[in-house]
Amino acid sequence: MSQSKISKIETGRRTPSLMDVERILRALEAPPSLIAEVMALARIANTEWQDSRSLLRRGLDRGQVELAEVEKITKEFRFFLLSMITGLLSTPEYIKASLDDVEGDLGKVMNKKLERQVVFYDESKSFTFILTEQAVRFLKIPPHAMAIQIDHLVSLSHLPTVRLGVIPVDTYLPGCPLTTFTVYDERMATVEASTGVMMFRDPRDVTAYLEEFASYEDRALFQDEARERLSAWADIYRS
């Protein structure tokens, strides 16, 4: 490890990864109790919490700009959507409804969300979305608009960069899915809660979410099977 990197860690200009911390502690022959204590602190330092109130104070449009920056440097995206359709997959009406509890001028936020959707046309990237039936059918907008939103999912599933899967409600799943989460390459995972977003950069945490995603991926319907199921759900709302 270079002296400049050590210096930046010592002076707080760089947050060390868990691997960095472990290497330093092993090299210094630290006792096991100290290793356990410092590794626990390093794990906290590699986890970030953004609460909803702070995001609102900063401006949701700024948050969209930051997401766009993350998307620029990411090549492989994995989205597990438990309860709602994400903004990247949403029609304007669905986006507007998802912001119905936010005060102020939402025009900028809506525009930024829609602008981000052009990322699908960057063929250097790949997206895998897994949506539960509950997420697809959650009645966020009137039935005729929901049919259009679900048709939009079918349309996006034909893009070469997009792989879209659905998990019908009668599908057996291992464990108990608790949250919506996104994994960016193999370097970061974000987990959404009603009060904010947690960001994990610890490789062990990211690996855990990759493994959870893979277990859902094994049970999801893709391609024509997914499109048939989506079309059937859209027809229910159309009727």
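**Aromatic pairs and an open sheet**

Phe-129 counts as buried, since its relative accessibility is 0%, and in this predicted model Phe-120 is likewise buried, with a relative accessible area of 3%; both values fall under the 20% that sets the limit for a buried residue. Phe-120 and Phe-129 also form an aromatic pair, with 5.9 Å from centre to centre and 75° between the planes, which makes the arrangement edge-to-face. Both rings belong to a cluster in which ring pairs link Phe-77, Phe-79, Phe-120, Phe-127, Phe-129 and Tyr-184.

Across the whole structure, a search finds 12 aromatic pairs. One of them joins Phe-80 and Phe-181, whose ring centres lie 5.5 Å apart and whose planes meet at 35°, so the pair is tilted. This pair links distant parts of the chain, because Phe-80 lies in strand S2 (residues 76-81) and Phe-181 in strand S5 (residues 180-184), 101 residues apart. Phe-80 and Phe-181 are both buried.

The strands themselves build an open sheet of seven members with mixed pairing, in the order S1-S7-S6-S5-S2-S3-S4. Strand S1 (47-51) and strand S4 (162-167) stand at the edges, and each has a single partner strand, so one side of each is left without a neighbour in the sheet. From one strand to the next, the twist averages 15°. Within the sheet, strand S6 (residues 188-193) and strand S7 (residues 196-200) run antiparallel and are joined by five bridges, and Thr-190 has Met-199 in S7 as its bridge partner.

A contact of another kind involves Arg-163, whose charged end sits over the ring of Phe-222, 3.9 Å from the centre of that ring.

Definitions and conventions:
Residues are numbered from 1 along each chain as its sequence is written. This is a predicted model: local features need pLDDT of at least 70, side-chain atom pairs count only at pLDDT 80 or more; totals for chains, interfaces and linings use all residues. Side-chain values use heavy atoms; hydrogens and water are left out. Two strands pair if DSSP finds at least two bridges between them. Helices (H or I, at least four residues) and strands (E, at least two) are DSSP runs, numbered from the N terminus. Axes are lines fitted to C-alpha atoms, for helices over the stretch in contact, and angles run from 0 to 180 degrees between N-to-C directions. Rings of Phe, Tyr and Trp (its six-membered ring) pair if their centres lie within 6.5 Å; planes under 30 degrees apart count as stacked, over 60 as edge-to-face and the rest as tilted. Buried means under 20% relative accessible area, exposed over 50%, partly exposed in between (1.4 Å probe, protein chains only). A charge sits over a ring if NZ of Lys or CZ of Arg is within 6 Å of the ring centre and within 35 degrees of the ring normal.
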